[in-house]
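Reader: I would like to go through this model with you, question by question, with the terms spelled out as we meet them.

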Amino acid sequence: MHMDGIAKDTIALLQYLLPGFLPAWVFYGLTSYPKPTQFERVVQALIFTLLIQVLVSGERYLALAVGRVYQIGSWTESVNVAWSAITALMLGLAFSYFANTDVLHRVARRFKVTRETSYPSEWFGAFLNQTFVVLHFHDERRLYGWPKEWPSEPATGHFVLQQPSWLVGSEDRPITGVAEMLVDAKEVKWVEFMTPRQGDNRESQKP
């Protein structure tokens, strides 16, 4: 019986936190932030659950106010669950937008509240102003190209370069017949962000 009670309490807790897990799932699916530990996820779910409850309470109040003028239906438990799910989804999308665009931190920096950005790392922020790059390999080779894709972290993942060419001294050696080149991030020592050279068709590479 004791184990049954623990199982029931655990299920009840998960049901309570479920709306909070949804925006966190959306957030980490749409941003480059690393996934936190299980404990931190529970804490985030608690915070999101509180926000969702406050927002849904406001939505319920507005719905009841509108219902006094034009009645559509009753605010039932099913309606409450549906609006909780919708609110959780929109909350996750909103936080993802703020994290990927630096909107909130930009305003905060303007008012001297912080000097930080909303980006997960300097690496992530550097690639936002997308331009041609030079990848410097550990064996001193240099590869020039347009980064169509790049890893979220410098130590894992791959670069996908378009218009690749090797740089040998001051000589540029285009790699003919290659549309894209996949480069392991572990092989790259550092990255240069370049100004467009004559003949580079930068605009055609933008998504």
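Reader: Which residues have the most contacts inside the largest nonpolar core, and which element gives the largest share of this core?

Author: This is a predicted model, in which local features need pLDDT of at least 70 and side-chain atom pairs count only at pLDDT 80 or more, while totals for chains, interfaces and linings use all residues. Residues are numbered from 1 along each chain as its sequence is written, and side-chain values use heavy atoms, with hydrogens and water left out. The largest core has 14 residues, and those with the most contacts inside it are Leu-135, Leu-143, Phe-159, Val-183, Val-188 and Val-191; a nonpolar core is a set of buried Ala, Val, Leu, Ile, Met, Phe, Trp, Tyr and Cys residues joined through side-chain atoms within 4.5 Å, and buried means under 20% relative accessible area, exposed over 50% and partly exposed in between, with a 1.4 Å probe and protein chains only. Two or more residues come from each of strands E1 (133-137), E3 (158-168), E5 (180-184) and E6 (188-193), where strands (E, at least two residues) and helices (H or I, at least four) are DSSP runs numbered from the N terminus, and the largest share, 3 residues, comes from E1.

Reader: What pattern does the protein chain follow along the sequence?

Author: The secondary structure comes to 5 helices and 6 strands. Among contacts (heavy atoms within 4.5 Å) between residues at least 6 apart in sequence, 58% join residues at least 24 apart. Read along the sequence, the pattern is α-α-α-α-α-β-β-β-β-β-β.

Reader: How far apart are the end C-alpha atoms of H3, and what span should its 25 residues have?

Author: The expected span of a helix is 1.5 Å times one less than its number of residues. Helix H2 (residues 38-67), with 30 residues, reaches 42 Å from its first C-alpha to its last, close to the 44 Å expected. For the 25 residues of H3 the span should be 36 Å, and the end C-alpha atoms are also 36 Å apart, which agrees.

Reader: Is Ser-84 buried or exposed, and which residues is Ser-84 in contact with?

Author: Ser-84 has its place in helix H3, and at 13% relative accessibility Ser-84 counts as buried. Leaving aside its neighbours within four places in sequence, the contacts of Ser-84 are Ile-52 and Val-56.

Reader: Which helix gives the most to the nonpolar patch on the surface?

Author: The patch is formed by Leu-30, Trp-83, Ile-86, Leu-89, Met-90 and Leu-93, with about 550 Å² of accessible area together. Patches are made of residues with over 30% relative accessible area and no salt bridge, like charges being joined within 9 Å and nonpolar side chains (Val, Leu, Ile, Met, Phe, Trp, Tyr) within 5 Å, and accessible areas come from the Shrake-Rupley method with a 1.4 Å probe, only the protein chains shown counting as cover for residues. Trp-83 is partly exposed at a relative accessible area of 37%, and the helix that gives the most, with 5 residues, is H3 (residues 77-101).

Reader: Where is Lys-112, and what is its phi?

Author: Most residues other than glycine have a negative phi. Lys-112 is in the loop between helix H4 (103-110) and helix H5 (122-126), and at 75% relative accessibility Lys-112 counts as exposed. Although Lys-112 is not a glycine, its phi is positive, at about 60°.

Key:
Salt bridge = Lys/Arg side-chain N within 4 Å of Asp/Glu carboxyl O.
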